[in-house]
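This briefing covers selected side-chain arrangements in the structure shown below.

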Amino acid sequence: MKKYTKEQLIFYLKKYSKELKKTPTIKDINKNKKVPSSSTYMKRFGSWNNSLKKAGLTINIVKKFEKKELTENEGDTNARLKQKLYQEDWRNSVKFKGNK
């Protein structure tokens, strides 16, 4: 396993970005066996986005969510939350009654 300095990693990231003519994604990096893997960048810089920031590249957003996707399971989530709150209230009332 090869050890890279932060400077080397930034160099490879900038160089590959120029080749692609865009900010590389994790998928782009992992396809190219000539550059260090995304996990190497994440281990060294803490996250992929931190790697991009250190290299002076634009952070890329892979997925934009539609409102429908975000609210699809809203009813189920609300029901589970209400049930949890009810259970916590019941537990607290039992504890309170037990302290009298």
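Tyr 4 has a relative accessibility of 17%, which is under 20%, and therefore counts as buried. The model is a predicted one.

**Aromatic pairs**

- The structure contains three aromatic pairs.
- In one of them, the ring centres of Tyr 4 and Tyr 12 lie 5.8 Å apart with their planes at 85°; because an angle over 60 degrees counts as edge-to-face, this pair is classed that way.
- Tyr 12 counts as partly exposed, because its relative accessibility of 24% falls between the limits of 20% and 50%.
- Tyr 12 also forms an edge-to-face pair with Phe 11, with 5.8 Å from centre to centre and 65° between the planes.
- Through ring pairs, Tyr 4, Phe 11 and Tyr 12 are linked into a cluster.

**Nonpolar core**

- In soluble globular proteins, nonpolar side chains tend to be buried together.
- The largest nonpolar core has 13 residues, and the members that touch the most others are Leu 13, Ile 29, Tyr 41 and Trp 48.
- Helices H1, H3 (38-45) and H4 (48-54) each contribute at least two residues to this core.
- H1 provides the largest share of the core, with four residues.
- Beyond its neighbours within four places in sequence, Trp 48 is in contact with Leu 13, Pro 24, Thr 25, Ile 26, Ile 29, Ser 38, Tyr 41, Met 42 and Asn 60.

**Ser 38**

- Ser 38 is located in helix H3.
- Ser 38 and Ile 26 are 12 residues apart along the chain, and their C-alpha atoms are separated by 5.8 Å.
- When residues up to four places away in sequence are not counted, Ser 38 touches Ile 26, Ile 29, Asn 30 and Trp 48.

**Thr 23**

- Thr 23 lies in the loop that runs between helix H1 (6-20) and helix H2 (26-31).
- The Thr 23 side chain reaches the backbone oxygen of Thr 58 at 3.1 Å.
- Apart from neighbours within four places in sequence, the contacts of Thr 23 are Ser 17, Asp 28, Leu 52, Leu 57, Thr 58 and Asn 60.

Note on methods: Residues numbered from 1 in each chain as written. Predicted model: local features only at pLDDT ≥ 70, side-chain atom pairs only at ≥ 80, totals over all residues. Heavy atoms only, no water. Phe/Tyr/Trp six-rings, centres within 6.5 Å; stacked < 30°, edge-to-face > 60°. Buried < 20%, exposed > 50% of the residue type's maximum accessible area, 1.4 Å probe, protein only. Polar contact = N/O pair within 3.5 Å; in protein donor to acceptor, adjacent residues only side chain to side chain. Contact = heavy atoms within 4.5 Å. Core = buried A, V, L, I, M, F, W, Y, C linked by side-chain atoms within 4.5 Å.
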